[in-house]
Amino acid sequence: MGSLPPPYLDLSSKHQDSIDPDRLLHLFKAQQNYLNHFFQNLDLSQTLTFTQTLLNAKGTIYFTGVGKSGFVAQKISQTLVSLGIKSGFLSPVDALHGDIGILDPEDVLVMFSKSGNTEELLKLVPCAKAKRVFLISVTSVKPNCLMGVCDLNVHLPLERELCPFDLAPVTSTAIQMVFGDTVAIALMGARNLSREEYAANHPAGRIGKSLIFKVRDVMKKKEDLPICKEGDLIMDQLVELTSKGCGCLLVIDEEFHLLGTFTDGDLRRTLKASGEGIFKLTVGEMCNRKPRTIGPDAMAADAMQKMESPPSPVQFLPVIDQDNVLIGIVTLHGLVSAGL
């Protein structure tokens, strides 16, 4: 396709009332072709050296860039931080006004620039060299000025921008992002990052919660449990059944061993089948003696999966210890409220 705009783009009309679906499809296919050009022509040896350099870095890996490349640099830095790798974004402008003081000789500074001739980055180079950091340029046009002054250069092959004028950085930033994020995952694998370590870096997100939170962290405890004895009359336990927000009664003996469960669904079915006879029925006569249960040290995510498993989903799980003593209840509503 060279440097010519995609032939299916009509640039003669400045205003169009609707999006042509065929043109939209062609755009996505063209972007796919441009990305394929990047994958097919990327120098793996350069990429390997770059990745190994980051892996071996004893200090902090800083990223910098201007404009759209700066946003990509920030994102990649944040990805590394989420993987437990010391990283940060250094604004080239702020660096020249004092922020460069954060750099140490053991640090690495990665410069993202499509052209490799970004003025702000070129001004930063001699200052960074004075701090004796290792400089890496990641560019898509060659030759360029950064290539001649950095310790390591990585070329990201770019056929052209998807923009019909070949100006708006929409393909170049896409390949920068793909390159940086793929390298980040390579570093993740090389460092043998475990699911637990990854979760520890995301404690407030769903990822972290699903890998960190245990049933004991999200369950209701004894004082909030809807409990009753098997000899209690069903009609005498309606307040307990409806007031605790669990949709069930947990049937226990004198030592708090779990004997079964009685749900609001059981109440409806019993009323339909027994009519006025329900006034004489005890909870023990109608309860489920083999409910699904879970232990307090199970992962909360496993509790969610167990609730949704066949033959039919349930809304709660009694939490019992190794001696079948009731210690809590975990509900679907509680798990969802916890962000799981």
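What covers the buried residues of helix α3 includes β1 (61–65), β2 (87–89), β3 (108–112), α6 (172–190) and α7 (195–200). The model is predicted.

User: Which residues of α3 are buried?

Analyst: Buried means under 20% relative accessible area. In α3 the buried residues are Ser69, Gly70, Val72, Ala73, Ile76, Ser77, Thr79, Leu80 and Ser82.

User: Take Ser82. Is Ser82 buried or exposed, and at what relative accessibility?

Analyst: Ser82 has 18% relative accessibility, so it counts as buried. Ser82 lies in helix α3. Leaving aside residues up to four places away in sequence, Ser82 touches Tyr198, Asn201 and His202.

User: How many Å should the residues of helix α3 span?

Analyst: Count 1.5 Å a residue. Helix α3 covers residues 68–82, which is 15 residues, so the span should be 21 Å. The end C-alpha atoms of α3 are 21 Å apart, which agrees.

User: What follows α3?

Analyst: Gly84 follows α3. The phi of Gly84 is positive, near 85 degrees.

User: How do the axes of α3 and α6 cross?

Analyst: Look at the distance and the angle. The two axes come within 10 Å and cross at roughly 15 degrees. Angles under 35 degrees count as roughly parallel, so α3 is roughly parallel to α6. The crossing of α3 past α6 is right-handed.

User: Which residues of α3 and α6 make the contact?

Analyst: From α3 come Lys68, Ser69, Val72, Lys75, Ile76, Thr79 and Leu80. From α6 come Thr173, Gln176, Met177, Gly180, Asp181, Ala184 and Leu187. Several names return from the buried list of α3, including Ser69, Val72 and Ile76.

User: Now the strands. How do strands of a sheet pair?

Analyst: Strands of a sheet pair through backbone hydrogen bonds, either parallel or antiparallel. Take β3 as the case. β1 and β3 run parallel, joined by five bridges. Ile61 has Val108 of β3 as its bridge partner. β3 also pairs with strand β4 (residues 134–139), in the parallel sense, over five bridges. There, Met111 stands opposite Ser137 in β4.

User: Which way do the residues of β3 point?

Analyst: Val108, Val110 and Phe112 point one way. Leu109 and Met111 point the other way. How covered is the strand? β3 is mostly covered, with five of its five residues buried.

User: Which strands form the open sheet, and in what order?

Analyst: Three strands form it, in the order β6-β7-β8, with mixed pairing. The edge strands are β6 (227–229) and β8 (258–263), and each pairs on one side only. From one strand to the next, the twist averages 35 degrees.

User: How do β7 and β8 run?

Analyst: They run antiparallel. Five bridges join β7 (residues 248–252) to β8.

User: Is Thr270 buried or exposed?

Analyst: Thr270 has a relative accessible area of 3%, so it is buried.

Note on methods
Residues numbered from 1 in each chain as written. Predicted model: local features only at pLDDT ≥ 70, side-chain atom pairs only at ≥ 80, totals over all residues. Heavy atoms only, no water. Pairing = 2+ DSSP bridges. Helix = DSSP H or I, 4+ residues; strand = E, 2+ residues; numbered from the N terminus. Axes fitted to C-alpha atoms, helices over the stretch in contact; angles between N-to-C directions. Expected span 1.5 Å × (residues − 1). Buried < 20%, exposed > 50% of the residue type's maximum accessible area, 1.4 Å probe, protein only. Contact = heavy atoms within 4.5 Å. Parallel < 35°, antiparallel > 145°, perpendicular 65-115°, else oblique. Left-handed = near helix turned anticlockwise from the far one by under 90°.
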